[in-house]
Amino acid sequence: MEKLLTITVPTYNVEKYLRQCLDSFCIEGINDLLEVLIIDDGSTDSSSEIAEEYGKKYPEQFRHIRKKNGGHGSTINCGIAEASGKYFKVVDSDDWVDKDAMKELLECLQSSDSDVVYTNFYQVDDRTGKRKVEFEKPFPQVEYKKEYRFDEIKSNFFLKMHGYNIKTEILRTLPAIDEHCFYVDMEYVLFPVPWIDTVTFLDLFVYQYRVGLPNQSMNIQRMKRNSENYDRVLNRLLQYYEQCRGQISIEKKAYMEHVLGRMVASRMKIYLSQPYGKDSRNAMRAFDRRVAESYPAVYRAVENKAVLWLRRSGYRLYGLARLAYFWKERLS
């Protein structure tokens, strides 16, 4: 039976959080609209048993799919292949959704045919439970429930994975997401851009994103350890941009450059997190030069002030920038 929305829940050794995640989808009156695919990526703890329990108890809504370990990207690829919903969303198994907001989202999706329906999200501190909003609005003067043409949104907005509700048929036309690799959420949000024509924004905080966990991929220490993975994703997306840029609108090209510029700035922060010395400074400068030579529009799209200061100084401010980075990390 076709559903309105498929939720894919990538699952790997999350027995501590999985019930909270799955319980958040147990909402009265939506069983015929919502499909939840629990993609078990070779868990070795009790996550598989928990997933199986929900699949048996709520067979019309939950489906437990076991697969060989392949990483976060592989679970998303599997979910896209197995989905029956018109729309598709990823909710990581250590996160959850707000039930009331999810119910309202489903009501809106019933009357929507936008390629993307975008909702907001809270960051929830794992220790304190305090909620924080990263972006109050997707862009200034947004009109909620209005269907926009992607190309008419003029601000430097950024559609993050947590807010995406995207047509499944679009995802099925795209390259597969990298497997056995971190940071693939950026592939998930950028690959569809050339095929997104319409977007509707809703004033709903659906996704509850747990932060403060030591194993989160965007933790800077883990980013440093997995810099090769970050480079793999960034290089693939830069090549994808290069392939697409002559075939897409100026607005979509500018959007991709904006997001890739953010990624370039994050890569520079990884360099700043590495041991102090000429090797790190030279590697950073060489990386920045490669971007400037091969992808000049992406190079110009970087807005991070620290990166801009470094460039203007010819990297003579490298030591100061590194010190400022560490103070910021310590105080945050």
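Biologist: In which helix does Leu320 lie?

Modeller: Leu320 lies in helix α13, where helices (H or I, at least four residues) and strands (E, at least two) are DSSP runs numbered from the N terminus. The model is predicted, with local features needing pLDDT of at least 70, side-chain atom pairs counting only at pLDDT 80 or more, and totals for chains, interfaces and linings using all residues. Residues are numbered from 1 along each chain as its sequence is written, and side-chain values use heavy atoms, leaving out hydrogens and water.

Biologist: Why is Leu320 called exposed?

Modeller: Exposed means over 50% relative accessible area, buried under 20%, and partly exposed in between (1.4 Å probe, protein chains only). Leu320 has a relative accessible area of 55%, so Leu320 is exposed.

Biologist: What makes the rings of Phe157 and Tyr255 a tilted pair?

Modeller: Rings of Phe, Tyr and Trp (its six-membered ring) pair if their centres lie within 6.5 Å, and planes under 30 degrees apart count as stacked, over 60 as edge-to-face and the rest as tilted. Here the centres are 4.9 Å apart and the planes at 35 degrees, so the pair is tilted. Phe157 lies in the loop between β8 and β9 and Tyr255 in helix α9, so the pair ties together parts 98 residues apart in sequence. Both Phe157 and Tyr255 are buried.
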